[in-house]
Amino acid sequence: LDTTTWSLDHLNLKTKLIDYISIYKPTVVLVFGEKISQIILDSSESISNLRGNFVNFCATKLMCTLDLTLLIKDASKKKLVWNDIKKVNKEVENEK
């Protein structure tokens with residue numbers, strides 16, 4: 001889902017995500033960016049602490065990772081996101 005046109009208030013973002021999860025029932029949800037991750041998880045943790053691990057969100061596995069715009073600014077962060085994506089891919093493969 002591209003949330004760039006969504007309002008980033010807590011209730012609206014979370015409600016829309018929950019609605020989409022209930023409709024599409026994804027195996028995994030990957031969230032890009034600190035602010036959106038914090039809103040969805042009701043957390044003040046930094047993205048460094050939130051990323052890299054699955055959490056249960058509405059009976060769906062959710063993983064947070066770095067914002068894609070950060071990768072444009074700092075290419076050294078690409079490896080971190082790539083490692084997260086590999087975990088997501090492995091999880092999806094295991095579901096087949």
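1. Which residue just after α2 takes a positive phi? Asp42 does, with a value of about 50 degrees. The coordinates belong to a predicted model, in which local features need pLDDT of at least 70, side-chain atom pairs count only at pLDDT 80 or more, and totals for chains, interfaces and linings use all residues. Residues are numbered from 1 along each chain as its sequence is written, and side-chain values use heavy atoms, with hydrogens and water left out.

2. Overall composition. The chain holds five helices and three strands, where helices (H or I, at least four residues) and strands (E, at least two) are DSSP runs numbered from the N terminus. Read from the N terminus, the order of elements is α-β-α-α-β-β-α-α. The chain has 96 residues, of which 32% count as buried. Buried means under 20% relative accessible area, exposed means over 50%, and partly exposed lies in between (1.4 Å probe, protein chains only).

3. The sheet. Three strands form an open sheet with the order β1-β3-β2 and mixed pairing. Its edge strands, each pairing on one side only, are β1 (28-32) and β2 (54-57). On average, and with direction ignored, neighbouring strands of this sheet are turned by 35 degrees against each other; the axes behind such angles are lines fitted to C-alpha atoms, for helices over the stretch in contact, and angles run from 0 to 180 degrees between N-to-C directions. Strands β1 and β3 (residues 60-65) run parallel and are joined by five bridges, while two strands pair if DSSP finds at least two bridges between them. Phe32 stands opposite Thr65 in β3.

4. Asp42 and its partner. The side chain of Asp42 also meets that of Lys14 in a salt bridge, at 2.6 Å from N to O. This pair links distant parts of the chain, 28 residues apart: Asp42 sits in the loop between α2 (34-41) and α3 (47-50), and Lys14 in helix α1. Within α2 itself, the buried residues are Ile36, Ser37, Gln38, Ile39 and Ile40.

5. Other salt bridges. The structure holds four salt bridges, each defined as a side-chain nitrogen of Lys or Arg within 4 Å of a carboxyl oxygen of Asp or Glu. Among them is the contact between the side chains of Lys61 and Glu91, at 2.3 Å from N to O. Here too distant parts of the chain are linked, with Lys61 in strand β3 and Glu91 in helix α5 (residues 78-95), 30 residues apart. Lys61 is partly exposed, with a relative accessible area of 35%, and Glu91 is buried, with 14%. Asp74 and Lys77 also meet in a salt bridge, at 3.9 Å from N to O. Asp74 is partly exposed at 27% relative accessible area, and Lys77 is partly exposed at 28%.

6. The aromatic pair. One aromatic pair is present in the structure. The ring centres of Tyr20 and Tyr24 are 6.0 Å apart and the planes lie at 15 degrees, so the pair is stacked. For this assignment, rings of Phe, Tyr and Trp (its six-membered ring) pair if their centres lie within 6.5 Å; planes under 30 degrees apart count as stacked, over 60 as edge-to-face and the rest as tilted. Tyr20 lies in helix α1 (residues 10-24). Tyr20 and Tyr24 are separated by about one helical turn because they are four residues apart in helix α1. An α-helix has 3.6 residues a turn, so residues three or four places apart point the same way.

7. The nonpolar patch. Tyr20, Ile23 and Tyr24 make a nonpolar surface patch of about 350 Å². Patches are made of residues with over 30% relative accessible area and no salt bridge, with like charges joined within 9 Å and nonpolar side chains (Val, Leu, Ile, Met, Phe, Trp, Tyr) within 5 Å. Accessible areas come from the Shrake-Rupley method with a 1.4 Å probe, and for residues only the protein chains shown count as cover. Tyr20 counts as partly exposed at 31% relative accessibility, and Tyr24 counts as exposed at 58%.

8. Further positive phi values. Lys25, although not a glycine, has a positive phi of about 50 degrees. This residue is found in the loop between α1 and β1 and counts as exposed at 62% relative accessibility. Cys58, likewise a residue other than glycine, has a positive phi near 55 degrees. Cys58 lies in the loop between β2 and β3 and counts as partly exposed at 40% relative accessibility.
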